[in-house]
Amino acid sequence: MGTSVSLSPATAFVVLGCRPEAPALGGAALRRVEACARAFLASAGPHDLVVCAGGRAWSARVEADAFAEGLVARGVPRGRVVRERCSMTTGENARFVAGLLARRGISRVRLFTCAWHMPRAAGHFRAQDLAVAEEPAAAPGGPLVGAARAARERTAVWLDELLA
């Protein structure tokens, strides 16, 4: 007789890493952290947690560490913040976070990343059998910036498929 894992009713608020800027969070990192902190503080249940995903170091600051510090500074309880410090790509973010959540019996995520990055990121998380609620952080910029971001994401999708 096999054993079954009971799934927790908890939700993980997952914020994806990017360049955190220095010395303080700025740009996309700040927008992602602020969106996640606002949502968590407004609606988190007693067993929900925040996962900061990203192992890349920028000027000796690891994304997950910088994001965790930013969340705590905005009122998220330190004991509810988990760091995933191994991933270097969006696909790895999804795979490593899914493993971390599986050990906790959590299958639902609210995903925080930039709006232009969300479709690809959410696809990676859904491919890990996670139920995903998309929580895009607005990104500034006009049509030229939007076109550049769209081209970057098309290239990233192509690379994801090539490396799969």
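Me: What makes S6 and S7 partners in this predicted model?

Reply: Strands S6 and S7 run parallel and are joined by 7 bridges. Two strands pair if there are at least two bridges between them, so 7 bridges make S6 and S7 a pair. Within that pairing, Leu111 stands opposite Glu134 in S7.

Me: Where do S6 and S7 sit in the whole sheet?

Reply: The open sheet has 5 strands in the order S5-S2-S1-S6-S7, with parallel pairing. Neighbouring strands are turned by 25° against each other on average, direction ignored.

Me: Why are S5 and S7 called edge strands?

Reply: Strand S5 (81-84) and strand S7 (131-137) each have a single partner strand, so one side of each has no neighbour in the sheet.

Me: How do you know that S1 and S2 pair?

Reply: Strand S1 (residues 11-16) and strand S2 (residues 49-53) share 5 bridges in the parallel sense. The cut-off is at least two bridges, so S1 and S2 count as a pair. Here Val15 stands opposite Cys52 in S2.

Me: What lies across these strands?

Reply: Helix H1 (residues 27-43) lies across S1, S2, S6 and S7, and runs at about 150° to strand S6 (108-114).

Me: How many aromatic pairs are there?

Reply: The count comes to 2 aromatic pairs.

Me: Why is the pair of Phe13 and Phe40 called edge-to-face?

Reply: Their ring centres are 5.1 Å apart, and the planes stand at 80°. Phe13 is in strand S1 and Phe40 in helix H1, 27 residues apart.

Me: Why do Phe13 and Phe40 count as buried?

Reply: Buried means under 20% relative accessible area. Phe13 has 1% and Phe40 has 4%, so both count as buried.

Me: What makes Phe13 and Phe112 a stacked pair?

Reply: The centres are 6.2 Å apart and the planes 10°. With limits of within 6.5 Å and under 30 degrees, Phe13 and Phe112 therefore count as stacked. Phe13 lies in strand S1 and Phe112 in strand S6, so the pair ties together parts 99 residues apart in sequence. Phe112 is buried too, at 1%. Phe13, Phe40 and Phe112 form one aromatic cluster.

Definitions and conventions. Residues are numbered from 1 along each chain as its sequence is written. This is a predicted model: local features need pLDDT of at least 70, side-chain atom pairs count only at pLDDT 80 or more; totals for chains, interfaces and linings use all residues. Side-chain values use heavy atoms; hydrogens and water are left out. Helices (H or I, at least four residues) and strands (E, at least two) are DSSP runs, numbered from the N terminus. Axes are lines fitted to C-alpha atoms, for helices over the stretch in contact, and angles run from 0 to 180 degrees between N-to-C directions. Contact means heavy atoms within 4.5 Å. Rings of Phe, Tyr and Trp (its six-membered ring) pair if their centres lie within 6.5 Å; planes under 30 degrees apart count as stacked, over 60 as edge-to-face and the rest as tilted. Buried means under 20% relative accessible area, exposed over 50%, partly exposed in between (1.4 Å probe, protein chains only).
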